[in-house]
Amino acid sequence: MSQTIIARRYADALFQLGQEHLKLEQLETELRELQKVFRDNEKLYTFLKHPRISVDQKKQLIHKSFLSYSAEVVNTLKLLVDRHREDIISEMITHFLTMMSDAKGVAEADVYSVRELSKSEKKRISETFAPKVGKRSLNLNNIVDPSILGGIRVRIGNRIFDGSVSGKLSRMERKLVSANKR
């Protein structure tokens, strides 16, 4: 079974637990923090995956390191260690956070522009593109890319809305080339 499927199953189970105990917001906050911890501390990940360190030592580290976290998150981490699935922790967190965004009607979007966008521009982009993908709002990640020459390019999941000058120029070029071939 693929790692992605396994990570989704753990994320689903944690999401259901959060719903049952009315702790979804708390779990989301904790998992965002946990994601940063694993991203910033490669040694923690290395420790958890090390074959010579016993499962009990790994679980003890998790217990001591994450005392302020909810029992659901800590127990999920311990369960992953028990089943030697430490390598899917970050993917499981990503799936959980995606499920939370879907539940809230929010999608992640990358917006490519020539310069940093203002808050009002980001708000207008969110209001314009969120309904196009069936969401209430978008969490925008602004990426400055001078190669687009002007305009914006928005990527939401696997959909791309290209209103950039470079995109328009390349579309015109394709039309001209295909017209000359006829």
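Residues are numbered from 1 along each chain as its sequence is written, and side-chain values use heavy atoms, with hydrogens and water left out. Because the model is predicted, local features need pLDDT of at least 70 and side-chain atom pairs count only at pLDDT 80 or more, whereas totals for chains, interfaces and linings use all residues.

Helices (H or I, at least four residues) and strands (E, at least two) are DSSP runs numbered from the N terminus. Axes are lines fitted to C-alpha atoms, for helices over the stretch in contact, and angles between N-to-C directions run from 0 to 180 degrees.

The axes of helix α4 (residues 55-65) and helix α5 (residues 71-82) come within 10 Å and cross at roughly 165 degrees. Helix α4 is therefore roughly antiparallel to α5 (angles under 35 degrees count as roughly parallel, over 145 as roughly antiparallel, 65 to 115 as roughly perpendicular and the rest as oblique). The crossing of α4 and α5 is right-handed, meaning that the near helix is turned clockwise from the far one by less than a right angle. In contact (heavy atoms within 4.5 Å) are V55, K58, K59, I62 and H63 of α4 with V74, L77, K78, V81 and D82 of α5. By class, this contact has five nonpolar, one polar and four charged residues; Ala, Val, Leu, Ile, Met, Phe, Trp, Tyr, Cys and Pro count as nonpolar, Asp, Glu, Lys and Arg as charged, and the others, Gly among them, as polar.

Helix α5 also packs with α1 (residues 3-20), at an angle of about 155 degrees and with the axes 11 Å apart. This makes α1 roughly antiparallel to α5, and the crossing of the pair is right-handed. Y10, L14 and L17 in α1 meet E72, V73, T76, L79 and L80 in α5; six of the residues in this contact are nonpolar, one is polar and one is charged.

For helix α3 (residues 42-49) and α4, the packing angle is about 145 degrees and the axes are 9 Å apart. Here L44, F47, L48 and K49 of α3 meet Q57, K58, L61 and I62 of α4, with five nonpolar, one polar and two charged residues.

The lining of the largest pocket draws its largest share, five residues, from α6. By class, the lining residues divide into three nonpolar, four polar and six charged.
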